Amino acid sequence: IYYFQDGYISVSRGEGWGLTLSQSMLMKIPTIGTRFSGNLQFMNDDNSILIDVEDLEIKNEDSPSEGSWAKISLESLQAIMRNLFENKDNGIDLDKARNDITEQYSIDLIAKKYAERLRLIENNKEEFSNKNQKRKYLFNLYNKIIEQEEKKRNEDRINKNLRYGPGGSLRFSNYDLSGFRPKQLNTNL
């Protein structure tokens, strides 16, 4: 599929890595990505086309992770796409893009980095063991705090939904209980 593309664009508010971006660069395809997040590990102004970011927005509370999202500059995106349409490669060095990926992220190089890291861990077992104990403690503490927050949030949610009905019995206000006759609850306990 990459072979038939004139260019590859990934407009993202945040990338973990950007595998398809790196694959496009490897195939010497003009690659457009956001000037923010994980893809900047391998993308730069010399080997790719980067879309400017207007601002960073804090993720909402329902997001699974903390941090910020990029707010993409639509003007930057429009100019880049127009230029790519008119100039095909947009003036980037596609050979450099391919070389950057193959030289910095080859299987051999990554395997060597893993081997070095494993040797470091092997040679410093005690130090890593202490760090892991601290990490486990902090992880457990974090989970306990999250659990307490979720419990409190659930209790608040339940308290909002509970309403007192006739005769002092409790009922849920957000549920349609027509046709269902629950037993009266004794609230005088």
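**Stop one: a hidden alanine**

Select Ala-70, which is buried, with a relative accessible area of 0%. Buried means under 20% relative accessible area, exposed means over 50%, and partly exposed is in between, using a 1.4 Å probe and protein chains only. Before going on, note that this is a predicted model, where local features need pLDDT of at least 70, side-chain atom pairs count only at pLDDT 80 or more, and totals for chains, interfaces and linings use all residues. Residues are numbered from 1 along each chain as its sequence is written, and side-chain values use heavy atoms, with hydrogens and water left out.

Ala-70 sits in strand S5 (residues 68-72). Helices (H or I, at least four residues) and strands (E, at least two) are DSSP runs, numbered from the N terminus. Which residues does Ala-70 touch, not counting residues up to four places away in sequence? Show Arg-13, Thr-34, Phe-36, Val-53, Asp-55 and Leu-56 to see them. A contact here means heavy atoms within 4.5 Å.

**Stop two: helix H1**

Next, select residues 19-26, which make up helix H1, and pick out Ser-22 within H1. Is Ser-22 buried or exposed? Ser-22 counts as buried because its relative accessibility is 9%. Leaving out residues up to four places away in sequence, Ser-22 touches Trp-17, Phe-42 and Ile-101.

Colour Leu-21, Ser-22, Ser-24 and Met-25, which are buried in H1. They cover an arc of only 160° around the axis, so they lie on the same side of H1. That arc is the one spanned by the directions from the helix axis to the C-beta atoms. To see what covers the buried residues of H1, show strand S1 (8-10), strand S2 (31-34) and helix H3 (94-104), which are included in that cover.

**Stop three: where two helices meet**

Keep H1 and H3 on screen. Two packed helices are described by the angle between their axes and the distance between the axes. Here, the axes of H1 and H3 come within 7 Å and cross at roughly 120°. H1 and H3 are therefore oblique to each other. Axes are lines fitted to C-alpha atoms, for helices over the stretch in contact, and angles run from 0 to 180 degrees between N-to-C directions. Angles under 35 degrees count as roughly parallel, over 145 as roughly antiparallel, 65 to 115 as roughly perpendicular, and the rest as oblique.

Show the side chains of Ser-22, Met-25 and Leu-26 in H1, which meet Ala-97, Arg-98, Ile-101 and Thr-102 in H3.

**Stop four: two loop residues**

Most residues other than glycine have a negative phi, and most peptide bonds are trans. Click on Lys-28, which is not a glycine but has a positive phi of about 60°. Lys-28 is in the loop between H1 and S2 and is partly exposed, with a relative accessible area of 36%.

Then move to Ser-37, in the loop between S2 and strand S3 (49-51). Ser-37 is not a glycine either, and its phi is positive, about 90°. With a relative accessible area of 27%, Ser-37 is partly exposed.

**Last stop: the whole protein**

Zoom out to see 5 helices and 7 strands. Of the 189 residues of the protein, 23% count as buried.
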